Number of protein chains: 2
Amino acid sequence: MGLRTLLVAAPLAPGRVEVSGAEAHHARDVLRLRPGDAVRLCDGAGRQGAGTVAEAAPGRLAVTLAEVETATPPSIAGLTIACALPKGERAADLVRMLTEIGVGALRPLVTARGERASAPERLARVAAEALKQCRRAHALILLPPLPVAALAADSGRLMVADPHGSPLRPGAPGPATVAIGPEGGFTEAELGTLLAAGAEPARLGPHVMRIETAAVCAAAACAAAWEHP
Amino acid sequence: MGLRTLLVAAPLAPGRVEVSGAEAHHARDVLRLRPGDAVRLCDGAGRQGAGTVAEAAPGRLAVTLAEVETATPPSIAGLTIACALPKGERAADLVRMLTEIGVGALRPLVTARGERASAPERLARVAAEALKQCRRAHALILLPPLPVAALAADSGRLMVADPHGSPLRPGAPGPATVAIGPEGGFTEAELGTLLAAGAEPARLGPHVMRIETAAVCAAAACAAAWEHP
């Protein structure tokens with residue numbers, strides 16, 4: 001398993017680092033870290049390092065960091081998944097999997113047939129937890145929801161999951177966005193708006209996929225292709 | 001959504017088809033299908049067709065099929081995922097996603113650090129449900145569990161998820177197996193056994209992945225590559 005990871009908000013630098021709030025509580029009362037224990041810190045912006053707990057008071061933890069490394073984001077960090085969020089635990093699973101794969105950002109889409117996006121705080125907690133578990137250095141960016149028309153107006157390479165498209169061609173490493181519709185799919189109008197804006201229709205597989213399967217498939221296909229540019 | 005699908009055990013042929021057991025109960029009492037309703041039948045072995053309910057009695061449903069089509073399995077059906085099963089609902093999620101992607105078979109692996117594989121009947125029900133939802137024509141084959149050494153002795157192309165390997169190279173379409181270790185990974189001995197048997201070590205991404213994320217990533221990478229042979 002290696003060292004336990006704590007996620008801190010401020011940019012990391014060598015020396016004494018104060019951990020506060022829920023993360024300090026978690027470190028002291030759940031992980032039971034005590035002075036002298038080794039721990040890994042990460043700031044979610046690429047900086048991370050191993051250190052030693054110097055002090056563990058209720059709600060406050062101090063860690064001494066010897067050095068800080070700055071990680072280069074993997075090529076898959078250039079990918080944004082824009083999708084109608086599935087409900088409840090399925091949205092959490094989606095966030096966990098995209099974090100583990102290394103996708104850069106998740107953009108909830110507001111669609112005619114989709115559920116209303118919900119519980120952004122819960123998803124942020126899930127993303128933070130997954131980042132620590134999978135030892136990712138850069139946080140998955142949870143973007144604010146956007147209607148389909150606004151996404152289409154956005155610049156950059158855009159692919160849209162479409163069972164009538166040709167198989168997904170990841171092409172050169174990002175930046176790129178893959179848009180995925182809700183259960184029941186995009187409406188004809190929504191798909192038309194995306195295609196008119198230059199989105200490439202991409203088929204993700206031979207069968208109907210739920211949102212999270214489609215998102216993970218698109219991400220995994222890009223991750224694999226972009227590792228061999 | 002299209003037609004509701006019923007899964008029948010016997011090979012489908014045009015004419016009158018009797019549906020019995022849990023599927024007949026589901027059709028009549030949950031889907032509320034009645035004589036004259038259109039329905040889709042699938043036998044999980046590639047045969048499928050649209051028909052009309054001729055009779056709906058308690059625990060027994062008769063359907064008249066005009067014609068039966070036989071689907072060709074997609075290239076990703078050549079892939080077997082061999083993995084330590086995650087616990088509870090995560091194993092069900094894995095089965096759903098592999099079914100939607102089109103993977104041919106799931107082989108539970110008995111590993112030193114893994115959980116004991118459990119509830120095969122539950123996973124079979126999940127696979128059957130997912131097959132109907134995603135309109136897959138060939139059932140995901142749930143193979144019996146195998147220890148790592150027995151998998152290594154198996155013939156055929158074998159890849160093993162290994163963070164120290166080079167990025168996964170799907171190569172030509174199957175048959176192939178990707179082996180994925182439990183939380184905590186394969187032991188050195190298990191990995192050694194697989195590599196000695198010729199397994200190719202394959203890195204699935206830059207971060208630590210849970211079992212189901214690794215399985216889905218490997219499947220999606222093969223599915224994408226095998227669509228463009």
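Predicted model: local features only at pLDDT ≥ 70, side-chain atom pairs only at ≥ 80, totals over all residues.
Figure 1. The accessible surface of chain A comes to about 10200 Å², and carbon and sulfur atoms own 56% of that. Run a box along the principal axes and the C-alpha atoms of chain A fill roughly 60 × 35 × 30 Å. Count up the secondary structure of chain A and you get six helices and 13 strands. Of the 229 residues in chain A, 48% are buried. As for contacts in chain A with a separation of 6 or more, 75% of them join residues 24 or more positions apart.

**Figure 2. Where chain B meets chain A.** Here 30 residues of chain B are in contact with 30 residues of chain A. The size of an interface is often given as the accessible area lost when the parts come together. For chain B and chain A, that buried area is about 2600 Å², with carbon and sulfur atoms giving 62% of it. On the polar side of things, eight residue pairs are in polar contact between chain B and chain A, counting pairs with both residues at pLDDT 80 or more. Which parts of chain B supply the touching side? Helix H2 (88-101), helix H3 (120-134) and helix H6 (211-227) of chain B each put in at least two residues. H6(B) gives the most, with eight residues. Sort the residues on this side of chain B by type and you have 14 nonpolar, six polar and 10 charged.

**Figure 3. Salt bridges across the interface of chain B and chain A.** Side chains of opposite charge can pair when their charged atoms come close. One to zoom in on is A:Arg210 with B:Glu100, whose closest N and O atoms are 2.5 Å apart. Both of these residues also sit in a network of salt bridges, linked up with A:Arg90, A:Glu183 and A:Glu212.

**Figure 4. Two salt bridges within chain A, A:Asp93 with A:Arg96 and A:Glu55 with A:Arg60.** The side chains of A:Asp93 and A:Arg96 meet at 2.8 Å, N to O. Why are A:Asp93 and A:Arg96 separated by about one helical turn? They are three residues apart in helix H2 (residues 88-101) of chain A. Both A:Asp93 and A:Arg96 are buried. In the other pair, the closest N and O atoms of A:Glu55 and A:Arg60 are 3.3 Å apart. A:Glu55 counts as partly exposed because its relative accessibility is 31%, and A:Arg60 counts as partly exposed at 32%.

**Figure 5. A strand-to-strand salt bridge in chain B, B:Arg157 with B:Glu200.** These two side chains meet at 2.8 Å, N to O. The pair links distant parts of the chain: B:Arg157 lies in strand S11 (residues 157-167) and B:Glu200 in strand S13 (residues 200-203), 43 residues apart. B:Arg157 has a relative accessibility of 25%, so B:Arg157 counts as partly exposed. B:Glu200 is partly exposed too, with a relative accessible area of 31%.

Figure 6. Buried or exposed? B:Thr187 counts as buried, because its relative accessibility is 17%, and the cut-off for buried is under 20%. Setting aside neighbours within four places in sequence, B:Thr187 is in contact with B:Ala112 and B:Arg113.

How values were computed: Residues numbered from 1 in each chain as written. Chains lettered and ligands numbered in written order. Heavy atoms only, no water. Contact = heavy atoms within 4.5 Å. Buried area = accessible area lost by both parts, 1.4 Å probe. Salt bridge = Lys/Arg side-chain N within 4 Å of Asp/Glu carboxyl O. Polar contact = N/O pair within 3.5 Å; in protein donor to acceptor, adjacent residues only side chain to side chain. Helix = DSSP H or I, 4+ residues; strand = E, 2+ residues; numbered from the N terminus. Nonpolar A, V, L, I, M, F, W, Y, C, P; charged D, E, K, R; others polar. Buried < 20%, exposed > 50% of the residue type's maximum accessible area, 1.4 Å probe, protein only. Areas by Shrake-Rupley, 256 points an atom, 1.4 Å probe, with all protein chains shown as cover.
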